[in-house]
Amino acid sequence: MKILLATFVVLAVILSGCTEPASDETADAVKGEVVIGSKLFQESYILAHMAGIMLEEEGYEVDVKEGLGGTLVNYEGLKQGTVDVYAEYTGTAYSQILKEPALEVWDPEVVYQVTEEGLNADGVVIVADLGFEDAYALAVKEQWAEENNVVTISDLEGYSTEMIVGTDPEFAQREDGLPRINELYGLEFMEVKPTVANIMYEAIKNDEVDIVSAYTTDTRNEVFDLRILNDDKNALPPYDAIFVMSAEFAEENPDAAAALGKLNGQIDTDTMRSLNYQFDVEKRDAEDIAREYLVDNGFIEA
């Protein structure tokens with residue numbers, strides 16, 4: 001169903017005349033500046049630098065805005081021309097940007113198609129479907145879950161009114177986040193503490209909160225011994241990772257769109273979790289992680 005993206009990528013490659021790594025001549029020719037936005041967590045930093053390095057190889061000057069802001073900050077930047085590309089997620093675009101209604105059954109292909117069509121109508125194109133999903137999920141400490149036989153979100157009934165929830169700034173308020181879970185599962189929590197992702201994870205590790213809005217590609221789920229609760233009522237949409245670019249910029253810079261299109265389907269979930277682990281646990285720099293991935297997988301030369 002991802003016909004539009006496939007067509008776009010093929011056209012971009014043809015127009016750019018480039019299917020191989022950039023030649024020395026191409027790399028030496030500066031084509032202008034590309035501003036790359038990112039959200040407020042490690043995965044977004046890594047993907048932003050990955051895009052930046054790919055575009056530098058094509059001869060662009062790159063300005064990576066690491067931690068620029070949340071979804072709407074990056075998207076409005078894209079619309080206003082202060083940002084040229086950033087990594088988004090289909091479920092987020094579907095619900096938060098396009099304000100599409102929740103589906104009874106979240107079919108990833110349907111969400112992707114509606115998202116792509118909606119973004120195109122808004123002057124934005126998907127230039128790469130990266131190949132992995134980073135979904136929201138509720139997570140609790142494994143020991144507590146085992147002691148109380150909690151496996152699903154429904155199992156929180158009878159516990160939630162005594163629990164403090166740690167969330168990222170968006171999940172606490174967005175329609176496809178905690179309000180959706182509260183509505184569908186009929187849950188009420190004692191307190192909600194929105195904060196940035198790093199502090200949220202530290203808070204559950206230190207028993208300052210009882211449950212968090214985890215990311216499924218975040219290895220801190222294992223490092224901090226957390227249990228992801230099964231979303232047994234299908235409250236949360238799919239979140240496939242994509243690179244989005246303004247249609248105007250993509251049309252004027254087909255080689256930039258083609259360069260990012262080379263990453264289409266190239267990053268699976270295990271790979272993204274490994275890259276996030278290097279940032280969170282090994283404390284490596286996001287740009288270094290991105291560059292090593294691109295070199296190891298033959299996208300750029302060392």
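Tutor: Start with a term: buried means under 20% relative accessible area, exposed over 50%, and partly exposed in between (1.4 Å probe, protein chains only). Glu-292 is partly exposed, with a relative accessible area of 35%. This is a predicted model, where local features need pLDDT of at least 70, side-chain atom pairs count only at pLDDT 80 or more, and totals for chains, interfaces and linings use all residues. Residues are numbered from 1 along each chain as its sequence is written, and side-chain values use heavy atoms, with hydrogens and water left out.

Student: Which residue meets Glu-292 in a salt bridge?

Tutor: Arg-284 does, at 3.2 Å, N to O. A salt bridge here is a side-chain nitrogen of Lys or Arg within 4 Å of a carboxyl oxygen of Asp or Glu. Arg-284 is partly exposed, at 25% relative accessible area.

Student: How many salt bridges does that rule give?

Tutor: The count comes to 17.

Student: And what does Lys-141 form a salt bridge with?

Tutor: With Asp-207, the closest N and O atoms being 2.8 Å apart. Lys-141 lies in strand S5 and Asp-207 in the loop between H9 and S8, so the pair ties together parts that are 66 residues apart in sequence. Helices (H or I, at least four residues) and strands (E, at least two) are DSSP runs, numbered from the N terminus. Lys-141 has 23% relative accessibility and counts as partly exposed, while Asp-207, at 57%, counts as exposed.

Student: Which residues of H9 are buried?

Tutor: In H9 (residues 197-205), they are Ala-197, Met-200, Tyr-201, Ala-203 and Ile-204. They cover an arc of only 155° around the axis, which puts them on the same side of H9. That arc is taken from the directions from the helix axis to the C-beta atoms.

Student: What do the buried residues of H9 pack against?

Tutor: Among the elements are strand S5 (136-141), strand S8 (211-215) and helix H10 (220-223). Contact means heavy atoms within 4.5 Å.

Student: New topic. Where is Glu-170?

Tutor: Glu-170 sits in the loop between S6 and helix H8 (178-185). Its relative accessibility is 22%, so Glu-170 counts as partly exposed.

Student: What does Glu-170 touch?

Tutor: Gly-70, Thr-71 and Tyr-136, not counting residues up to four places away in sequence.
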